Amino acid sequence: MKTGIFYATSTGTTGQVAEAIAKAMGVADADVFDVAKVGPDKFDDYEFLILGSPTYGSGEVQDDWYDMLDAVKALNLNGKTVAVFGCGDENMSDTFCGAVGVIYNAFKTTGARMIGTYNTFPYKFDASEAVPVPGGEAVGLLIDEVNHPEDTDKRIAGWVESLKKDL
């Protein structure tokens, strides 16, 4: 299944996570894109889309996602599969990795098959748009490079393994 990874980043952390996911999935560098440099028509080239963003403010996506998410509302992605990941800081306890939920919710209306739920361990936070049922699984992979960088590689490996089973 041809896979494209699309991410936004301001500090570079989410780009680094995207590259680590690409390596774990066996996705070529040429199939990893900063959303600031491509349009939604690029999704046409792929059957499986992996999408990522850091979370800012009160649970918002990184700025470069806004135009893309507006365009996504008009897309029909039937036949495509989508998974979402994101970076955040669990100290932002009411909005931790909320961008994952924002992207997930935008893409689930397109007809795409959404996969990639994942546990929230070891994080401790109060609320997140990425976790629709408090205490349940997140709708995607949550990464906290601020407080838990030692867990990133293990979390990516576990998530990628679950993605491969769902494909």
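In this model, the side chains of Asp45 and Lys42 meet in a salt bridge, with 3.0 Å from N to O. The model is predicted.

**Salt bridges**

- In the bridge between Asp45 and Lys42, Asp45 is partly exposed, because its relative accessibility is 40%.
- Lys42 is likewise partly exposed, with a relative accessible area of 26%.
- Lys73 and Asp70 form a salt bridge through their side chains at 3.6 Å, N to O.
- Lys73 counts as exposed at 63% relative accessibility, while Asp70 is partly exposed at 48%.
- A salt bridge also joins the side chains of Lys154 and Asp151, at 3.7 Å from N to O.
- Lys154 is exposed, with a relative accessible area of 57%, whereas Asp151 counts as buried at 12%.

**Aromatic pairs**

- The count of aromatic pairs comes to 9.
- Phe43 and Phe107 form an edge-to-face pair, because their planes stand at 70 degrees, and over 60 counts as edge-to-face; their ring centres are 5.7 Å apart.
- This pair links distant parts of the chain: Phe43 lies in the loop between β2 (32-34) and β3 (48-54), and Phe107 lies in helix α3 (residues 98-108), 64 residues apart.
- Phe43 is buried, with a relative accessible area of 0%, and Phe107 is buried at 0% relative accessibility.
- Phe96 and Phe125 form a tilted aromatic pair, with 5.0 Å from centre to centre and 45 degrees between the planes.
- This pair also links distant parts of the chain, 29 residues apart: Phe96 is in the loop between β4 (81-87) and α3, and Phe125 is in the loop between β5 (113-114) and β6 (141-143).
- Phe96 is buried, with a relative accessible area of 1%.
- Ring pairs join Phe6, Phe33, Phe43, Tyr46, Trp65 and Phe107 into a cluster.

**Helix α3**

- Helix α3 is mostly covered, with 8 of its 11 residues buried.
- The buried residues of α3 include Gly98, Val100, Ile103, Tyr104 and Phe107.
- The buried residues of α3 pack against β3, α2 (65-72), β4, β5 and β6.

**The largest pocket**

- The volume of the largest pocket is about 250 Å³.
- Among the 16 residues that line this pocket, Pro54, Thr55, Cys87, Gly88 and Asp89 are the closest to its centre.
- The lining of the largest pocket divides into 7 nonpolar, 7 polar and 2 charged residues.

Note on methods: Residues are numbered from 1 along each chain as its sequence is written. This is a predicted model: local features need pLDDT of at least 70, side-chain atom pairs count only at pLDDT 80 or more; totals for chains, interfaces and linings use all residues. Side-chain values use heavy atoms; hydrogens and water are left out. Rings of Phe, Tyr and Trp (its six-membered ring) pair if their centres lie within 6.5 Å; planes under 30 degrees apart count as stacked, over 60 as edge-to-face and the rest as tilted. Helices (H or I, at least four residues) and strands (E, at least two) are DSSP runs, numbered from the N terminus. Buried means under 20% relative accessible area, exposed over 50%, partly exposed in between (1.4 Å probe, protein chains only). On a 1 Å grid over the protein atoms alone, a cavity is a set of points where a 1.4 Å probe fits but cannot get out, and a pocket is an open set with protein on both sides within 12 Å along at least five of seven lines; lining residues have an atom within 4 Å of a point. Grid points are joined across faces, edges and corners, and a volume is the space filled by probe spheres set on the points. Ala, Val, Leu, Ile, Met, Phe, Trp, Tyr, Cys and Pro count as nonpolar, Asp, Glu, Lys and Arg as charged, and the others, Gly among them, as polar. Contact means heavy atoms within 4.5 Å. A salt bridge is a side-chain nitrogen of Lys or Arg within 4 Å of a carboxyl oxygen of Asp or Glu.
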